Amino acid sequence: VTVDSGPMHMAAAFSTPIVAIFGPTSPDKTGPRSNGAVEIVRAEMECIPCLARKCPLADDARNAECMNMVKPSEVEGRIQKVLRDSKIGC
């Protein structure tokens, strides 16, 4: 489980199952290229991908509203799916 970052790409290079959480970036442009199981989790907002460093919609400029909208239960569900799809088990 990772965000759009270097470790996500390292996991992809080794076909490690990935659950990647995306905020203001675009999985089409910077997402993992992998032969392994990959699940992308992101909020559905019209402004995505904005690529903004500071979210104009968030009360606290350090937190992007699109990241705040990703629910832990959704991430957990995607983890379970990746484990099933990759036959790792859980």
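Helices, named here as runs of at least four residues that DSSP assigns as H or I, are numbered from the N terminus, as are strands. The views below show a predicted model.

View 1. K81 pairs with D85, their closest N and O atoms lying 2.7 Å apart; the two residues are separated by about one helical turn, because they stand four residues apart in helix α4. R78 is joined in a salt bridge to E74, with 3.3 Å between the closest N and O atoms, and this pair, too, lies in helix α4 with a spacing of four residues, about one turn of the helix. An α-helix has 3.6 residues a turn, so residues three or four places apart point the same way. D85 counts as partly exposed at 43% relative accessibility, as do E74 at 30% and R78 at 23%. Salt bridges with shared partners join E39, E74, R78, K81 and D85 into one network.

View 2. The side chains of E39 and K81 meet in a salt bridge with an N to O distance of 3.3 Å. This pair links distant parts of the chain, since E39 belongs to strand β3 (residues 38-41) and K81 to helix α4 (residues 72-85), 42 residues apart. The two partners can be compared by accessibility: E39 is buried, with a relative accessible area of 14%, whereas K81 is partly exposed, with a value of 31%.

**View 3. The buried face of helix α4.** The buried residues of this helix are V75, V82 and L83. Seen down the axis of α4, its buried residues fall within an arc of 100 degrees, so they line one face of the helix. What covers these buried residues includes β2 and β3, while S73 and R84 are exposed on the other side of α4. The end C-alpha atoms of α4 are 20 Å apart, in agreement with the 20 Å that its 14 residues should span at 1.5 Å a residue. Just after α4, K87 takes a positive phi of about 60 degrees.

View 4. A20 is found in strand β2 (residues 18-21) and is buried, with a relative accessible area of 0%. A20 and T30, which are 10 residues apart in sequence, lie 11 Å apart in space, C-alpha to C-alpha.

**View 5. Cysteines without disulfides.** The structure holds zero disulfides. C47 is in no disulfide, and the nearest cysteine sulfur, that of C50, is 5.5 Å away. The sulfur of C55 is 6.1 Å from the closest cysteine sulfur, in C66, which is too far for a bond, because a disulfide requires two cysteine sulfur atoms within 2.5 Å. In accessibility, C47 is partly exposed, with a relative accessible area of 35%, whereas C55 counts as buried at 15%.

Key:
Residues numbered from 1 in each chain as written. Predicted model: local features only at pLDDT ≥ 70, side-chain atom pairs only at ≥ 80, totals over all residues. Heavy atoms only, no water. Salt bridge = Lys/Arg side-chain N within 4 Å of Asp/Glu carboxyl O. Buried < 20%, exposed > 50% of the residue type's maximum accessible area, 1.4 Å probe, protein only. Expected span 1.5 Å × (residues − 1). Arc of directions from axis to C-beta. Contact = heavy atoms within 4.5 Å.
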